[in-house]
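Here's a quick briefing on the pockets of this protein. Have a look at the model first, then read on.

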Amino acid sequence: MAQKSMLERSQRRFAEETQLGRVRRARKIDRMLQKVFPDARAELDFRNAFELLIATVLSAQTTDIRVNQVTPELFAAYPDATALAQARLEDVEEIVRPTGFYRSKAKNIIALAQQLVEDHGGEVPADQAALVRLPGVGVKTANVVLGNAFSTPGLTIDTHVGRLARRLGFTTEDNPDKVEADLLPLYKKSDLTMVSHRLIFLGRRICHARGPACGVCPIARLCPSFGTGPLDPAEAEAKLAYGLQVPDGGWQL
């Protein structure tokens, strides 16, 4: 009952929030998360735009950890678009099998490489419209590549960012394009890539889809969904992931 009561109080507190108030809260949360996650970054391993593009396509419906386990072998065999464009489908399927949906993923990344060679001289274009025309590439993947390989700011609306945006009361939408439209006015354009990274870190480590660690969440007092997960600090801390621990004395924000 205490948890349900807390959630109801949290929701009431932000029920009449203005757009200006929402902007201020969003930016304050981002400043706090910058202190909590100073190392926030893309968690896919890559050395160049080609590797990031392929890794991001492979990351659909699996974890970055799993993708990072297969890409060293993949890029050792096919270090660039020209090599991958000439690969045998069966060989690529075998390498990417652990990522799931390996047949369609292998087909997509080979076709993607072929199109890079044919249309872009083997180079990854630094343009969203060109990127989304590539096989297996959507807006989310394009924004990941643009933000992290070309330093072009943009939001990555993955499952974590969408979930966090709804829990924080920044959107009620499920469609990624509509979530993005609701989030864009809240932040400075130059901050968008890092906003995505920090929200993803929060979603993976604290604010899980099932049972967020509300009792130790560093932004709890700014969250309309505080009380969704366990409030007891010990119970909540046990839910932290990726090796995250609450600092001695709590979060100093």
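In the second largest pocket of this predicted model, α10 is the top contributor to the lining, with four residues. Helices here are DSSP runs (H or I, at least four residues), numbered from the N terminus. A pocket is an open set of points on a 1 Å grid over the protein atoms alone, where a 1.4 Å probe fits and protein lies on both sides within 12 Å along at least five of seven lines; lining residues have an atom within 4 Å of a point.

**Second largest pocket**
- Its 14 lining residues include K140, I157, D158, P176 and D177, the ones nearest the centre.
- Two or more residues each come from α9, α10 and α11 (176-183).
- Seven of the lining residues are charged, four nonpolar and three polar; Asp, Glu, Lys and Arg count as charged, Ala, Val, Leu, Ile, Met, Phe, Trp, Tyr, Cys and Pro as nonpolar, and the others, Gly among them, as polar.

**Largest pocket**
- This one holds about 480 Å³, counted as the space filled by probe spheres set on the points, which are joined across faces, edges and corners.
- Of its 25 lining residues, D64, K140, D158, H160 and R204 sit nearest the centre.
- α12 supplies the largest share of the lining, five residues.
- It lies between domain 1 (1-36 + 156-238) and domain 2 (49-150), because both give residues to its lining; the bounds come from an automatic or database domain assignment.

**Ground rules**
- Residues are numbered from 1 along each chain as its sequence is written, and side-chain values use heavy atoms, leaving out hydrogens and water.
- Local features need pLDDT of at least 70 and side-chain atom pairs count only at pLDDT 80 or more, while totals for chains, interfaces and linings use all residues.
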